[in-house]
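Please keep the sequence and the model in view.

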Amino acid sequence: MDDKVIVSGIQLRNGVETTSKIIAQIFLKLGLNVMVSKDYLSTIDGGNAGTTYYQIRVGDGEIKCAGDEIASVLVCLQPGKKEGELPLAATNYLEKIRDCGFLIYDSSKVGLIDPSTPAKKIFSVPVPAYDIVKKLFQEEDQIKVNRIRNSVLVGAMLFLLGLDSKEAEYLAAYGKFLKKSVLEQNLAALREAFRIMPGLQNFRYWDGVSLRFSKATADRMLIDGNNAMAISALGSGVKAYVGYPITPASGLLEAFTKVLPATIQAEDEIAAAEMVMGLSYGGARALTATSGPGFCLMAETISHMGMLEIGCVI
């Protein structure tokens with residue numbers, strides 16, 4: 001199978017991370033290799049400031065990089081607001097969908113839209129996800145509606161892959177990313193997607209993908225870069241970690257907090273670098289991690305480390 005790139009997009013706080021992890025875990029369980037990359041908004045709360053995307057590259061061969069952002073399918077998790085207009089998560093990424101690629105979107109408020117151009121055919125898969133969730137649960141909390149709605153769109157994608165409903169339910173629940181309190185609601189939404197998909201206009205199977213479901217598939221770990229670094233550091237004998245929570249390094253602080261007693265949250269990046277320098281001077285293997293702006297704040301301390309000839313890991 002040629003590598004496929006699946007992209008999911010929505011504003012933050014609406015379940016994009018959990019949904020993307022479920023999609024990645026499903027492909028992993030199906031025996032494919034998976035690599036996930038994420039773009040970050042320059043805002044603390046996404047709100048309506050923009051969308052964040054998870055790019056999931058899958059294939060049956062070795063995957064060495066996240067890919068060129070040319071998507072086989074875009075799962076637009078962001079709801080539309082006006083008839084005939086796709087949400088930003090779709091319009092911002094249309095040019096990156098490959099010819100004969102797929103756009104799966106919530107058609108509840110925007111209707112049927114053909115995003116194709118004279119130069120490129122895009123198969124649209126309009127799924128009335130919002131209407132389905134409101135009909136099933138009469139839920140009033142908009143954030144909860146959006147999060148359950150994501151499961152409808154994931155169900156549509158799995159249907160295109162040729163899986164049946166029971167297989168899809170097992171795979172969606174397998175990774176345990178959904179809390180028990182909301183699992184059944186999300187699985188019910190997924191089942192409903194399978195029920196309505198055959199009757200949708202513009203329906204077509206996703207060509208070029210041949211997946212064989214098997215519960216016997218060996219369990220493999222879905223792990224992000226921060227957790228992989230933490231495992232490597234522990235194997236190398238790290239004794240202390242000092243960090244300040246800032247994207248994209250927050251995951252390291254969270255990972256070490258669970259397994260390393262000497263994990264310290266500093267008051268800022270400068271303090272983190274100073275603490276690591278002191279720990280290293282005392283003979284402890286210590287490290288810190290930060291962002292680009294955080295590294296700039298550490299510059300003076302890094303110069304201090306060089307003057308004192310103290311080796312530190314950042």
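## Threonine 91 and the ground rules

Threonine 91 is partly exposed, with a relative accessible area of 38%. Partly exposed means between the two limits: buried is under 20% relative accessible area and exposed is over 50%, with a 1.4 Å probe and protein chains only. Threonine 91 lies in helix H2 (residues 88-91). Helices (H or I, at least four residues) and strands (E, at least two) are DSSP runs, numbered from the N terminus. Threonine 91 and proline 115 are 24 residues apart in sequence, yet 8.8 Å apart in space, C-alpha to C-alpha.

This is a predicted model: local features need pLDDT of at least 70, side-chain atom pairs count only at pLDDT 80 or more, and totals for chains, interfaces and linings use all residues. Residues are numbered from 1 along each chain as its sequence is written, and side-chain values use heavy atoms, with hydrogens and water left out.

## The chain overall

The chain holds 11 helices and 9 strands. Of its 314 residues, 47% are buried. Take the contacts (heavy atoms within 4.5 Å) between residues at least 6 apart in sequence: 66% of them join residues at least 24 apart.

## Nonpolar cores

The largest nonpolar core has 48 residues. Such a core is a set of buried Ala, Val, Leu, Ile, Met, Phe, Trp, Tyr and Cys residues joined through side-chain atoms within 4.5 Å. Ile104, Val127 and Leu158 have the most contacts inside the largest core. Helix H4 (residues 142-160) gives the most to this core, with 10 residues. Another core lies apart from it, with 17 residues, among them Ala89, Ile97, Val110 and Ile122.

Which residues does leucine 158 contact, leaving aside neighbours within four places in sequence? They are Ile26, Leu163, Ala168, Leu190 and Phe194.

## Helix H3

Helix H3 (residues 129-137) has four names on its buried list: Ala129, Tyr130, Ile132 and Val133. Seen down the axis of H3, these buried residues fall within an arc of 160 degrees, so they line one face of the helix. The arc is that of the directions from the helix axis to the C-beta atoms. The buried residues of H3 pack against S5, strand S6 (122-127), H4 and H6.

## Positive phi

Most residues other than glycine have a negative phi. Cysteine 100 has a positive phi of about 65 degrees, although it is not a glycine. Cysteine 100 sits in strand S5 (residues 97-106) and is partly exposed, with a relative accessible area of 42%.

Glutamate 309 also is not a glycine, and its phi is positive at about 55 degrees. Glutamate 309 is found in the segment after helix H11 (299-308). Is glutamate 309 buried or exposed? Glutamate 309 is exposed, at a relative accessible area of 74%.

## Serine 280

Serine 280 is found in helix H9 (residues 269-281). Serine 280 is buried, with a relative accessible area of 16%. Not counting residues up to four places away in sequence, serine 280 touches Ala286, Ile310, Gly311 and Cys312.

## Pocket and cavity

On a 1 Å grid over the protein atoms alone, a cavity is a set of points where a 1.4 Å probe fits but cannot get out; a pocket is an open set with protein on both sides within 12 Å along at least five of seven lines; lining residues have an atom within 4 Å of a point. Grid points are joined across faces, edges and corners, and a volume is the space filled by probe spheres set on the points.

The second largest pocket holds about 510 Å³ of space. Its lining has 22 residues, and Thr18, Arg147, Leu178, Val182 and Asn186 lie nearest its centre. Helix H1 (16-29), H4 and helix H6 (180-196) are the elements that give two or more residues to this lining. H4 gives the most, with 7 residues. The count of cavities of 30 Å³ or more is 1. The largest cavity has a volume of about 30 Å³ and is lined by Pro79, Gly80, Asp106, Ser108, Lys109 and Tyr130.
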